Amino acid sequence: MCGITACVGDDDVVETVLAGLENLEYRGYDSAGIATLDGDGVSVLKRGGRIGDLSAEAADRGIAGRIGIGHTRWSTHGAPTRENAHPHTDCAGGVAVAHNGIIENHADLRAELSAAGHEFDSETDTEVVPHLIEEALATGDSPEEAFRRAADRLEGSYAVAALIAGHEGVLATRRGSPLVLGVDEEGGRRFLASDVPSFLEFTSRVVYIEDGDVVRIGPDGHEIATADGRPADRDAETVSWSPEDAERDGYDHYMLKEINEQPAALERAIRGRIADDGSVDLADFPSGSFADVSEVHFLACGTSYHAAVYARQLLRDRGVPAHAFSGGEYATTPPPVDEETLVVAVTQSGETADTLASLRSAGRRGARTLAVTNVVGSTAAREADDALFIRAGPEIGVAATKTFSSQVAVLVLLTELLAADVTGSPSDDRDAVLEALGRLPSAVGTVLSESGARLLARRYVDGDDGRFFIGRGVGYPVALEGALKFKEITYEHAEGFAAGELKHGPLALVTPNTPVLAVFTGRHDGKTLNNVQEVRSRGAPVIGVAGEGSDHVANGVDEFLPVPDVHPDLAGVLANVQLQLVSYHVADMLDRSIDKPRNLAKSVTVE
Ligand code: F6R
């Protein structure tokens, strides 16, 4: 959802800014641009298309500078043209601004600035910012004052970085959109970015910028001031992600690399979190931490929503009232909450605007809030009462894979803790589930090494009438996730359903050209097999994903994708890995842009 980056150093920073943008390309990739401070003037180069094209043009033109900002865009206001690409400039071309987020009052500001004689070149909301800065500079403000005055006029969510001619540095601020500062003391460089992977190859020292902070990076270091102008002392933290984590490592796609990283990611997710006595050990949440919780609301979007539905099913099985809500809907039609409601935001990035809006709404109304996220220092982690990290490492592929598995693993731990605290005793399944969780990384490894998904994908690459994914219990969110992954990266139609729902309408769409992928977990399999018969008798081929010992399933479907037999509560994670591979291989055969699917961005920071 747009990425901004900036660098100030002793030498030319153009290559560094472009590398930082490449590392953020997963946030948006329909147009890109950079601006440098070149002597006393500002130079801007921007264009539609990918960052590779921008880099080639920057090299051709010999763009240079020791101070630079960059932007990669995922369009919200205006088509992905050169005019709409960032950085945007003021009338005189002395101010350049890169922005992530949405400026909600841009129409009013544009009208006011136009009336004052400012001319606009783009359809974007962002372009008001350089003109506001220009307006303030014209009244005699210093660059910092002008930047701060402009930011004060903005409503909505934003992270903004600006270059101002004559000012030796980059000024930036955030409200609701992410912004991090990278500190490379040795190399004498400072970075600003929407996300840590942007500069991880240069430094792992990070300062998380707070909402309202104004930060300046310059040749002499950095300064941060709070919203009311007081100097802010924010410590740098060392992030544990290594640069290699964010590299492709010989795989054709990040997505395939990340699918294959699932055993290691799961190991990290559960490491040290199962105590010797078999109970859950989530350090910050000792037994009894949730004793006064009466109901759990999960909030999440997309893949994270499917992990949330998975957890909801488990909690309900354990007698804990639980609901999963779409992050985009919860704040619009909020259900009642009180201090006994635990609201859990499940969000890989911790920056999804829909989920954050719902989290804030729940917090304002008195609920206790918890973020389950991959990103330490993310907005969700900082704004929720508590945070629980899934430790999956950076996920670069836009389609979420390893983070789904890690979310489910951590949510399994959380559900067992909640079940014990809320009902007063551990669930009947706790010991068996936690024991199976410990073996899950190696079971996923087995799926990865033995999967027949590639061969199957070749046979079913054509499905003229789309594909259906069905499942029951924890197989239901896996069916939803399987369909989401399939449509996201293959651009082919796919839908996920609760297996019992087909007969209530969607069955009308089933033809011999509608392959149906059915998820079996070892619970309710007989009923799911009945639903399978309903589609097979309409001619649809059925691919069953189930435990290798499930002969009844193998005999009742057209194709069988086995996974190791595990506890039914975890079988969905293994089935999901098979479905990830099916989607990946079909997309690869169709030659799709797997890591950066059309129209999508990894981190969606607008509502
Ligand atoms: C799908 C995908 C998205 C995200 C969704 C929420 O592969 O990645 O559906 O799951 O945008 O993102 P987070 O988890 O960052 O809140």
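The protein chain splits into three parts: domain 1 (3–241), domain 2 (248–450) and domain 3 (451–601). The model is a predicted one.

Start with the first pair. The centres of domain 1 and domain 2, taken over C-alpha atoms, lie 33 Å apart. Twelve residues from domain 1 and 13 residues from domain 2 make up the contact.

How much area is buried between domain 1 and domain 2? The figure is about 1000 Å². Carbon and sulfur atoms give 59% of that area. On the side of domain 1, Tyr 26, Tyr 208 and Trp 241 lose the most area to domain 2. Together these residues account for 50% of what that side buries.

Next come the polar links. One salt bridge is counted between domain 1 and domain 2. Glu 210 and Arg 382 meet through their side chains in a salt bridge, at 3.7 Å from N to O. Two residue pairs are in polar contact across the interface of domain 1 and domain 2, both at pLDDT 80 or more. By class, the side of domain 1 that touches domain 2 holds seven nonpolar residues, one polar residue and four charged residues.

Now turn to a single residue. Thr 355 sits in helix H10, which covers residues 353–364. Is Thr 355 buried or exposed? Thr 355 counts as buried because its relative accessible area is 2%, and the cut-off is under 20%. Which residues does Thr 355 touch, leaving aside neighbours within four places in sequence? Thr 355 is in contact with Leu 299, Ala 300, Cys 301, Gly 327, Ala 345 and Thr 347.

Terms used: Residues are numbered from 1 along each chain as its sequence is written. This is a predicted model: local features need pLDDT of at least 70, side-chain atom pairs count only at pLDDT 80 or more; totals for chains, interfaces and linings use all residues. Side-chain values use heavy atoms; hydrogens and water are left out. Domain bounds come from an automatic or database domain assignment. Contact means heavy atoms within 4.5 Å. Buried area is the accessible area (1.4 Å probe) that two parts lose on being put together, summed over both. A salt bridge is a side-chain nitrogen of Lys or Arg within 4 Å of a carboxyl oxygen of Asp or Glu. A polar contact is a pair of N or O atoms within 3.5 Å; within protein, one must be able to donate a hydrogen and the other to accept it, and residues adjacent in sequence count only if both atoms are side-chain atoms. Ala, Val, Leu, Ile, Met, Phe, Trp, Tyr, Cys and Pro count as nonpolar, Asp, Glu, Lys and Arg as charged, and the others, Gly among them, as polar. Helices (H or I, at least four residues) and strands (E, at least two) are DSSP runs, numbered from the N terminus. Buried means under 20% relative accessible area, exposed over 50%, partly exposed in between (1.4 Å probe, protein chains only).
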